[in-house]
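Take a walk through this fold, one piece at a time. Keep the sequence and the 3D view side by side as you read.

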Amino acid sequence: MTTNDPRQPVLRVTPGPSDINSNGHIFGGWVLSQMDIAAGIVAARRANGAVATVAIERMEFIAPIELRDLISVYAEVEKVGRTSMQIRIEVVADRDRGEHQIKVTEGLFTFVALDEQHRPRPVDAA
C-alpha cells in the first residue's frame with residue numbers, strides 16, 4: 001500500500017502494551033473492538049441515530065499488528081436495507097514511522113437502526 005491513500009480514516013489509534021498477546025502481536029479482540037467502534041460511527045451517521053451491531057458476517061486477519069504500529073480504521077456503508085445496513089471495514093497499519101502501510105484486517109459488519117425503545121426502526125426514518 002502507498003502512503004497516498006485519499007480516504008480519511010474514521011479512527012486512528014496506537015495499541016498499548018496491555019493490548020499485546022504472548023506472541024508479541026495485538027489481541028484480535030482489541031482489533032475487533034476498534035473496527036466495531038469505527039463501523040458504529042459510520043452506521044449511526046447514516047441512520048441519523050442509535051444503532052447496534054447485530055452480526056459480523058466476515059472478518060479476516062491478513063497480517064499481525066505490532067506494538068509500535070499506528071492503525072487507521074476505514075469504514076463505509078456498503079449496503080442499506082429497511083432497518084439494517086452493512087458496513088465494510090478495513091484496517092491499515094502504518095509501520096516503521098509511516099514508511100510502510102500494511103493492510104492488516106478487513107470485515108463486514110451489520111448494524112440495525114434503533115428507536116427510543118431500542119427496537120429496530122427504518123434506517124431512513126430519523
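Helix 1 lies across strand 1, strand 2, strand 3, strand 4 and strand 5. Against strand 5, helix 1 runs at about 55 degrees. Keep in mind that this is a predicted model.

Five of them form an open sheet, in the order 1-3-4-5-2. The pairing is antiparallel. Strand 1 and strand 2 are the edge strands, and each pairs on one side only. Neighbouring strands of the sheet are turned by 25 degrees against each other on average, direction ignored. Strands of a sheet pair through backbone hydrogen bonds, either parallel or antiparallel.

Look at one pair of strands in detail. Strand 3 and strand 4 run antiparallel and are joined by ten bridges. Val77 has Ile87 of strand 4 as its bridge partner. Side chains link these two strands as well. Arg88 and Glu78 meet in a salt bridge, at 2.4 Å from N to O. Arg88 sits in strand 4 and Glu78 in strand 3 (residues 70-80), ten residues apart.

How many salt bridges does the whole structure hold? A search finds eleven. Side chains of opposite charge can pair when their charged atoms come close.

Next, follow strand 4 to Glu90. The side chain of Glu90 forms a salt bridge with that of Arg7, at 2.8 Å from N to O. Arg7 lies in the segment before strand 1 (11-13) and Glu90 in strand 4 (residues 84-95), so the pair ties together parts that are 83 residues apart in sequence.

Arg46 is in helix 1, while Asp124 is in the segment after strand 5 (100-113), 78 residues apart. Arg46 is partly exposed at 32% relative accessibility. Asp124 is exposed, with a value of 60%.

Finally, check the backbone. Most residues other than glycine have a negative phi. Two residues here deserve a look. Asn48 has a positive phi, near 55 degrees. Asn48 sits in the loop between helix 1 and strand 2 (51-61). With a relative accessible area of 58%, Asn48 is exposed. His118 is not a glycine either, yet its phi is positive at about 65 degrees. Where is His118? His118 is found in the segment after strand 5. His118 counts as exposed, at 65% relative accessibility.

Technical notes:
Residues numbered from 1 in each chain as written. Predicted model: local features only at pLDDT ≥ 70, side-chain atom pairs only at ≥ 80, totals over all residues. Heavy atoms only, no water. Salt bridge = Lys/Arg side-chain N within 4 Å of Asp/Glu carboxyl O. Helix = DSSP H or I, 4+ residues; strand = E, 2+ residues; numbered from the N terminus. Buried < 20%, exposed > 50% of the residue type's maximum accessible area, 1.4 Å probe, protein only. Pairing = 2+ DSSP bridges. Axes fitted to C-alpha atoms, helices over the stretch in contact; angles between N-to-C directions. Contact = heavy atoms within 4.5 Å.
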